Amino acid sequence: MRNIGVIGAGHVGLVTAACLAKLGHRVTCADNDTEKIENLKKLVMPFYEPGLEELVKEAVSHQLLSFISSLAKLAEESEIIFIAVGTPPTSEGRADLSFVEQVTVELANSLSAMKGRKENAPKNIYRLIVEKSTVPVLTGEWVKRTLELLSPTGLEFDVAANPEFLREGCAIKDFMEPDRIVVGVESERARKIFEEIYSGIKGPILFTDIKSAELIKHASNCFLALKISYANALAQVCERVGADIEKVLEGMGLDKRIGLSFLRAGVGYGGSCLPKDVAAFISLCEEIGYPFALLREVEKINQGQRRLVVKKVRELLWNLKGKQIAIWGLAFKPDTDDVRDSPAIEIINSLTREGAVIKAHDPMAVENMKKVIPNISYCSDPYEAARDAHLVVLLTDWNIYRQLDFEKIKQSMKIPRLIDGRNFLDPEKLRGYGFIYRGIGRK
Ligand SMILES: NC(=O)c1ccc[n+]([C@@H]2O[C@H](COP(=O)([O-])OP(=O)(O)OC[C@H]3O[C@@H](n4cnc5c(N)ncnc54)[C@H](O)[C@@H]3O)[C@@H](O)[C@H]2O)c1
């Protein structure tokens, strides 16, 4: 059992903290959002993630997980400290590392204060500071430099990079059963600690240097984005020649060298990771003298998919002014309530700018979307959203949208028309009910 601190109680921090506690470590999770911490102390989760609430409750009841607002206390008690704060994009698309810097400075100051305060403080203390957040390559160097400048004499420390690959919606499974764990370390001591803390996890650990570990995360996310944009570019070809993108992707993806995963045509990628990581990597590559043109195109194709949906709406409705449109799905993907950079935001804003009246439904993300777009109607079920609508636009592939009574929906709409932004529904079935159906890259 190790004493571990996790800074940041967001999607990555909280899942990491709960899973490390499940592995038997004593974990303290800190966040500077005091309301979030107070709620967590009352076992109120800050976001929806399947299985997380149960895991947190179990860990807290076994006294293996606790929540605090004070970073100083965490620094004092935890030998291993994971930094899992946000790294949002700046207006130029670079990764904003100010939270990482702030935490690093606070850690150094807290450790100095601790040494000064405690008469019987051990002469030498050791801390392993781990970058869990997604950061550009060379961030580890900055963390190290900052700690060297500000930390007390007698502090021995290692910096390590341990990027997280979990996906929202299946985050716990991804953490506990990963394809791989990537760890960038510079000392044998740090390597041994990682072997120990992850010994309860079956996935292989790939040890690298810090820079390579940092790079693996950005390179992986950019490759996933590239796969999606490649599928979307092919969808455009399919629309022009009358081929079916779903069959094309299946035929390609069954080749093990290519794989079906992330080979999906639709409204494009969104969320808090892929768009910002692609932008940050493009920006970093430019800074180091290698303009990564291929990734610029990936971004351009992705933006185009959002506009494509709006174009399809116009093709079906002619003028949008006063037309009622039902939006099914607001989260950037199913099984999450996260709407950060969700394609739905840009699409809804474009439609309302042209005068459309939006009634939106999502099983989980309505409350979060209300904060981003307050001035549309939100419905508690998809039938209500579709009633009297001129068109339904499906933007998130939640399973419930496959299980609806489409006969009932057809009867309740002004004209039964549906744009399937995820190629999620069965076109033949919908046409059988009398719907005018439009997918992406297929008839
Ligand atoms: N969300 C994902 O699916 C995912 C997956 C893999 C990697 N990542 C990466 O992990 C990092 C965190 O992502 P997230 O989705 O958990 O972000 P998030 O914004 O949900 O959470 C970050 C948390 O850090 C806290 N924080 C910020 N500054 C702080 C400070 N100075 N002291 C204490 N707490 C502070 C915030 O209050 C917030 O609760 C990002 O770099 C992200 O790119 C995210």
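Predicted model: local features only at pLDDT ≥ 70, side-chain atom pairs only at ≥ 80, totals over all residues.
Six strands make up an open sheet with parallel pairing, and their order is β11-β10-β9-β12-β13-β14. The edge positions are taken by β11 (377-378) and β14 (436-438); each has a single partner strand, so one side of each has no neighbour in the sheet. Further in, β12 (residues 391-394) and β13 (residues 417-420) run parallel and are joined by three bridges. Within this pair, V393 has I419 of β13 as its bridge partner. Helix α12 packs on the sheet, where it touches β9, β12, β13 and β14, and its direction makes about 165° with that of β12.

A further parallel pairing is found between strand β1 (residues 3-7) and β2, which share five bridges. Here V6 stands opposite C29 of β2. Strand β2 (residues 26-30) is mostly covered, with four of its five residues buried.

We can now turn to the helices. Two packed helices are described by the angle between their axes and by the distance between those axes. On the α9 side the contact is made by H218, N221, C222, L224 and A225, and on the α11 side by L274, D277, V278, A280 and F281. By class, these residues comprise seven nonpolar, two polar and one charged.

Helix α11 also packs against α12, at an angle of about 150° and with the axes 10 Å apart. This angle makes α11 roughly antiparallel to α12, because angles over 145 degrees fall in that class. Here, too, α11 passes α12 in a left-handed crossing. In the contact, V278, A279, F281 and I282 of α11 meet L295, R296, V298 and E299 of α12. Six nonpolar and two charged residues take part, with no polar residue among them.

The next pair joins α12 (residues 293-317) to α13 (residues 343-353): their axes come within 9 Å and cross at roughly 40°. That angle makes α12 oblique to α13, and the crossing is right-handed. R306, V309, V310 and V313 of α12 make the contact together with P343, E346, I347, S350 and L351 of α13. The classes represented in this contact are six nonpolar residues, one polar and two charged.

Finally, a look at the loop between β9 (324-328) and α13 brings us to D335. This aspartate counts as buried because 20 C-beta neighbours lie inside 10 Å, and the threshold for a buried residue is 20 or more. Beyond neighbours within four places in sequence, D335 is in contact with P50 and G169. The C-alpha atom of D335 is also separated by 9.3 Å from that of D397, although the two residues are 62 residues apart along the chain.

Methods. Residues numbered from 1 in each chain as written. Axes fitted to C-alpha atoms, helices over the stretch in contact; angles between N-to-C directions. Helix = DSSP H or I, 4+ residues; strand = E, 2+ residues; numbered from the N terminus. Parallel < 35°, antiparallel > 145°, perpendicular 65-115°, else oblique. Left-handed = near helix turned anticlockwise from the far one by under 90°. Contact = placed C-beta atoms within 7 Å. Nonpolar A, V, L, I, M, F, W, Y, C, P; charged D, E, K, R; others polar. Buried ≥ 20, exposed ≤ 12 C-beta atoms within 10 Å, placed from the backbone. Pairing = 2+ DSSP bridges.
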